[in-house]
Amino acid sequence: MRKVYRYKNLSYTLADDEIANFSVQFISDGTTGQTVINVPGSTDPSILDSGSTPIGNGASLRSEDTIVVSDVANIIPEEDEVRIRYFINGQLVQEHCNQVSESDRPMIILTIQFPKP
Amino acid sequence: MKILSLLLFTCFSSFLFAQEKLTKLSAPSSPASSLLGLQPSAVLTPKSYQALETAIFSNFFNGSGKVTVPNDFSLEFTPYWTKNHQLTLEEYLFPKSQWDHIKRNSSLSLASTQNFLLGDSAATNAISWGYRTSLFFANKNDKEKVLSSKNKLNKLQLATADIMGEAQRIVQLPEVKNAEDFVDRIKARVRQSFLNAGIVPDSSKATIDTFTETILSNVLNKLPALDKSKQDDFLDAFVATLDAELATNDASFEALKSSVKERSGLSIDFAYAGMISFPTNDFQYSIVPRQSFWITPSYRFSQKANFLKVMGVFRYEWYSLDYYKHYFPQNKVYQSNVDYGLSLSAHFAKFSCQFEVVGRSSQSFTNAGTDVDGNTLYKKEAGTDLQYIGTFNYRLTDQVVLSYSLGNRFDPIVNPTNTLVSLLTLNLGFGGPTKESLDLTK
């Protein structure tokens, strides 16, 4: 069943010239999905399953909120949860967990701000 | 009248032949329960060692801390899945070695009953334990099919995640006042997302434009009014309707699920189970009367023959003759049995059929006295039997299945010449309560 989970008002302090490296880690077994990082501007990077990608420097990320959307599925019978960790520059910003019985196709939405140090 | 006659005939024929169960040729899902002949109403499947401890302690110890044998108890524990290994779907589906299959599929089972009936119908306690694992050799078509389904799902996920990110921004814009404004503003992004994700087979401008227009027109018809104070509710409705529209495409979650569920290739199941009986219901006196070992290979064909599945079975069972002679004096029990069989099943849209042949070879060595030198002499007793049955099922509706079985079963102990099987059954499924039908808020 499809369900949307939202995590709002997240923030990560970033200097103007510092690059943010965004990482997604699928902890639960057999999870597959796409994560799109909707940053200010026209190019939005995406990550298939687990991985990481640079999303820009502090100055470029400050004008609007960054919206991260993961569309995820878990189909394996042995797994009973969907657990995902989100990192910026190696620092955990959010961990999501839901029971598969609640949703085997969750959509996770993070809203992140990048304030100056 | 015809329907009434059919129902009466169906029920009557079930009563006639339901005294002796027909066990289908298949690998035991819980070897321990299978050995005790249990069909437990629920099988406990603890997912952690703490849950396992709790399940055992709460069932095998009574209120005063004394050991007890629970009735109708069944537990299945798979150690590998007690923790996350961060396996990708590919790593899960296509492990590097067969050792990975053995580890992941290794499960331990435990079952018990207070109603293990001896020959004189006395109810006694019995506990059984079991182990099973399996190997799987995917064929080339299986890998292609599963990966193709996964790629299609991933494309769909990329498009919906991309659209949803933009939808979060658009819905907040002050100039977006209703659902029409919203759909109008997001149209360009939806079109671009479909193009980037490659979910439209033909990437020509006209095709993508038509596809986008059709999807968004259907979405708009189903969207609720935009209430700016409840933007999340509106976006949830948007993603649900978009998802429903895109699910009509080939790339869907259900397609991947079914690819993973019905994989083509060779699977070999191994299982062992043993039981311990307490014939006097005294914990100090117990016997291990029976043990079994199964090997069950099965092969599911791919492509045009994917409706076919072939399964074989080899089961070796060995018995304590002293136990059976003492507690089941009326039964003819051999020291060991070898069961071997083959089945062929075919599944179509509403019709399925299965043909199976199972052979049994039994033998015993019994003490026949001593020779002149004082050496013990043994007498060998042996017997063979054959069962062959064809079963035809027709699904009348999702909840009603009509089945007919015809064949020859093993010689029963009572009326040994009565081996004809002709069994017509009507199976009605009533289903259980769902989260929707139960008001969990109360």
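## Make-up of chain B

The secondary structure of chain B comprises 11 helices and 11 strands, where helices (H or I, at least four residues) and strands (E, at least two) are DSSP runs numbered from the N terminus. The model is predicted, so that local features need pLDDT of at least 70 and side-chain atom pairs count only at pLDDT 80 or more, while totals for chains, interfaces and linings use all residues. Residues are numbered from 1 along each chain as its sequence is written, and chains are lettered from A and ligands numbered from 1 in the order in which they are written.

Of the 442 residues in chain B, 24% are buried; a residue is buried if 20 or more other C-beta atoms lie within 10 Å of its own, exposed if 12 or fewer, and partly exposed in between, with C-beta atoms placed from the backbone. Among the contacts in chain B with a separation of 6 or more, 63% are between residues 24 or more positions apart, a contact being two residues whose C-beta atoms, placed from the backbone, lie within 7 Å.

## The side of chain B that touches chain A

In chain B, 32 residues are in contact with 31 residues of chain A. The elements giving two or more residues to this side of chain B are helix 4 (89-93), helix 6 (140-170), helix 9 (231-246) and helix 10 (253-261), and the largest share, 13 residues, comes from helix 6 of chain B. By class, this side of chain B has 13 nonpolar, 10 polar and 9 charged residues, where Ala, Val, Leu, Ile, Met, Phe, Trp, Tyr, Cys and Pro count as nonpolar, Asp, Glu, Lys and Arg as charged, and the others, Gly among them, as polar.

## A helix pair in chain B

Helix 7 (residues 179-197) and helix 8 (residues 205-222) of chain B pack at an angle of about 140 degrees, and their axes are 10 Å apart; axes are lines fitted to C-alpha atoms, for helices over the stretch in contact, and angles run from 0 to 180 degrees between N-to-C directions. The residues that meet include V183(B), V190(B) and F194(B) in helix 7 of chain B and I208(B), F211(B) and L216(B) in helix 8 of chain B. This contact has 10 nonpolar, 1 polar and 4 charged residues.

## Strand pairing in both chains

In chain B, strand 3 (residues 123-138) and strand 4 (residues 265-278) run antiparallel and are joined by 14 bridges, strands being paired if DSSP finds at least two bridges between them. The bridge partner of R132(B) in strand 4 of chain B is A271(B). Strand 4 of chain B is also joined, by 12 bridges, to strand 5 (residues 287-300) of chain B, again antiparallel, and S277(B) has I287(B) as its bridge partner in strand 5.

Chain A has an open sheet of 4 strands in the order 5-2-7-8, with antiparallel pairing. Its edge strands, each pairing on one side only, are strand 5 (51-57) and strand 8 (91-99) of chain A. Strand 2 (residues 19-26) and strand 7 (residues 81-88) of chain A pair over 5 bridges, and F22(A) stands opposite I88(A) in strand 7 of chain A.

## Positive phi in two loops

Most residues other than glycine have a negative phi. Q86(B), which is not a glycine, has a positive phi of about 55 degrees and is placed in the loop between strand 1 and helix 4 of chain B; Q86(B) is partly exposed because 14 other C-beta atoms lie within 10 Å.
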